[in-house]
Amino acid sequence: MFVRSQITFFQRFEQDILNGSKTITIRDRSESHYQPQSIVDVFTNETQRWFAQIRILSVTPITFAQLNSQHAAQENMTLAQLQTVIREIYPNETALFVIQYELIK
Ligand SMILES: CC(=O)Nc1cc[nH]c(=O)n1
């Protein structure tokens, strides 16, 4: 049976995803299962409202300490902002995954 894959983003990221300025998301191991080239439905985390489809391009392990300004640019943030956001979402996690995606238009 084919099960459609899903991911959620906080509502504050929605416009950046839709306008193409946020092209990665950094998640913990529990969300590292997305398959490259798969198509994933995107919902808001707060209300489970569908707002997009994305194609997964790659899933790459990374540590918190390895986050750099290129990752921040791909998140449409400064590096300091990205580090703060990730620490708010994953307070104690060092093993993370960069999920690169493209918006399906
Ligand atoms: C819901 C949720 O965890 N959203 C996240 C987490 C990390 N990065 C991101 O862009 N969105």
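Author: The part to begin with is an open sheet of 5 strands, which has the order 1-3-4-5-2 with mixed pairing; strands here are DSSP runs (E, at least two residues), as helices are (H or I, at least four residues), both numbered from the N terminus, and two strands pair if DSSP finds at least two bridges between them. Strand 1 (5-9) and strand 2 (24-27) stand at the edges with a single partner strand each, so one side of each is left without a neighbour in the sheet. From one strand to the next the twist averages 45 degrees, where axes are lines fitted to C-alpha atoms and angles run from 0 to 180 degrees between N-to-C directions.

This is a predicted model, in which local features need pLDDT of at least 70 and side-chain atom pairs count only at pLDDT 80 or more, while totals for chains, interfaces and linings use all residues. Residues are numbered from 1 along each chain as its sequence is written, and side-chain values use heavy atoms, with hydrogens and water left out.

Strand 1 pairs with strand 3 (residues 39-44) in the parallel sense over 5 bridges, and within this pairing Gln 6 stands opposite Asp 41 in strand 3.

The ligand is surrounded by residues that include Thr 8, Phe 9, Thr 25, Ile 26 and Arg 27, each having a heavy atom within 4 Å of it. In the side chain of Lys 22, an N or O atom is 2.6 Å from an oxygen atom of the ligand, and a polar side-chain atom of Thr 25 lies 3.0 Å from a ligand oxygen atom. For Arg 27, an N or O atom of the side chain is 3.1 Å from a nitrogen atom of the ligand. Of the 300 Å² of accessible area that the ligand has on its own, the protein covers 95%, with areas from the Shrake-Rupley method and a 1.4 Å probe.

Lys 22 also touches Asp 16, contact meaning heavy atoms within 4.5 Å, and Asp 16 is found in helix 1 (residues 14-18).

Technical notes:
A polar contact is a pair of N or O atoms within 3.5 Å; within protein, one must be able to donate a hydrogen and the other to accept it, and residues adjacent in sequence count only if both atoms are side-chain atoms. Lists of a residue's contacts leave out its neighbours within four places in sequence.
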